[in-house]
Structure formats: structure tokens, C-alpha cells
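Here is a short briefing to read alongside your structure. Take a look at the fold, and then we will walk through some charged pairs together.

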Amino acid sequence: MKNKIQIICLILYCFQVNAQSSAESKLGTWYMYNGSHKLTKNIKLTTSTHFRYYELATEYQQEIYRIGLNYAFNDKINVTGGSVYSITDKSYKKDAADLYEYRFYQDLNIKDNWNKIRVKHRVRLAQRFKRRNATNEIAHRIRYGLFLNYPISKNWETYTFSELFIKFATKAYSQNRTGAGILKKIDDNLKLKLGYFYTKFSNSDLHRLQVGIILKTDFTKKQFKYDNTHFYK
């Protein structure tokens, strides 16, 4: 346990070293909730809420809400379709109009195992409907992400990922996110997440801390009986 606490302290120290004064190099934070709720053998409801800041807990950047339905063909391949609503403050310590966005997305997820490493490939298409200063814009984007998880004990695991964003536009490159962190299992349904990632844009970059919870529920395991007075589970 002592070694695990030292690892967490080292990660937080590295985050602090990266924090500087400008918006691009400032250590911002994503506070995240991600949920997966099994409805039938093959269908899950996915939910997500993020509150994102340019700094650790100040200088609001974005709030984003995501919901989708996931269908599993088998243990390795599944697809998701859903929608997103977000509000983004594009400025940093100055006045500027907010960006409002409705988005539809479609995911293809492919899972695999490399020895003890759990692997997921994700391809995501997105159709984005953006509004700012009474101006509307429609944009399309594709993302490819590689996500790796490695267990270090019964209740702890590490993760790392890299995700490339490509726009359907003249300047196709949008951004690349690369990061790593740790996950703490509380029980079969709940995990806590702490990590760091670096985002490279065509002309800038960002450093972000991830703090989140991951919730899983399984409604297929809940069976109720009625005996005139009580429900039993």
C-alpha cells in the first residue's frame, strides 16, 4: 500500500511541474462521470458527464453530456450510437461568446487481450452541429483510439491511451491525445480514476488531469418477487 501511495504522489508531483502560467501550458482538469448500464444480454445504456476547467478547479472551459445505446455482437465486438450536448467557453480569462454544440456519434469497439493487457480499439464518427454568435456550422470528424489496461493487483490497474482526431476538412488534422493513469476498484460496480493526458493541436497543446468515477450496473441480475406485501430482490 505504501508503494501505491508513493506512485500517486509522484504522479501528482509531475502534474504540478507541468503547470505554468498560460492557457496552453496550464494544468487543467477534467472531472468525469462515465456509466455503463446493462439492460439485456446484448444491450447497454451508456452515460457520461464531464466538467472541464482550464485550471485545477477554476476557469471553466466546458461541460459535456453524452448518452448512447451499445449493442454487443460478442465478447470482442460492439457498437454504440448516441448524442452529445456541450457548452464550451473558448476564451481564457477574457470575454468571448460560448460555443453550443449538439452532436451525434457512432462507435465501433474491438476488444482483445495481449497476455495480461486488456486492449480496446475504438473508431468514432461524429456529426457536429455548432452555434456561436448566432452563426451555425456543421462539421464531421473521425477518431481512432487505442486503450490499454494492465492489472497491478486485485484492486489496482494502470491504463494508457492514444487517440487521433481527424476532421473532414481541408486541414484534416485536429488533435492527438496521449495519456496514462491509475484505476482503483472500489467494488464490482465502481472504480475511481486518476490520470494525466497531453493534447497536441496543430498550433498549440494542453495538459490535463483526469479525475473521475466509472459506474457499472447490471439490471439483468435484478429479479423481483411479490408476496402481497413486499418486494424481494
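Arg143 is buried, at a relative accessible area of 7% (buried means under 20% relative accessible area, with a 1.4 Å probe and protein chains only). Please keep in mind that this is a predicted model, where local features need pLDDT of at least 70, side-chain atom pairs count only at pLDDT 80 or more, and totals for chains, interfaces and linings use all residues. Residues are numbered from 1 along each chain as its sequence is written, and side-chain values use heavy atoms, leaving out hydrogens and water.

**Arg143 and its partner**
- Arg143 meets Glu163 in a salt bridge, 2.9 Å from N to O (a side-chain nitrogen of Lys or Arg within 4 Å of a carboxyl oxygen of Asp or Glu).
- Glu163 lies in strand E8 and Arg143 in strand E7, so the pair ties together parts 20 residues apart in sequence (strands are DSSP runs of E, at least two residues, numbered from the N terminus).
- Glu163 is buried too, with a relative accessible area of 3%.

**Other salt bridges**
- The whole structure holds nine salt bridges.
- Arg128 and Glu101 form one at 2.7 Å, N to O, and both residues are buried.
- Arg124 and Asp107 form another, with their closest N and O atoms 2.6 Å apart.
- Arg124 sits in strand E6 and Asp107 in strand E5, so this pair joins parts 17 residues apart in sequence.

**The barrel**
- Eleven strands close into a barrel with mixed pairing (two strands pair if DSSP finds at least two bridges between them).
- Strands E3 and E4 pair in the antiparallel sense over eleven bridges.

Methods: Helix = DSSP H or I, 4+ residues; strand = E, 2+ residues; numbered from the N terminus. Buried < 20%, exposed > 50% of the residue type's maximum accessible area, 1.4 Å probe, protein only.
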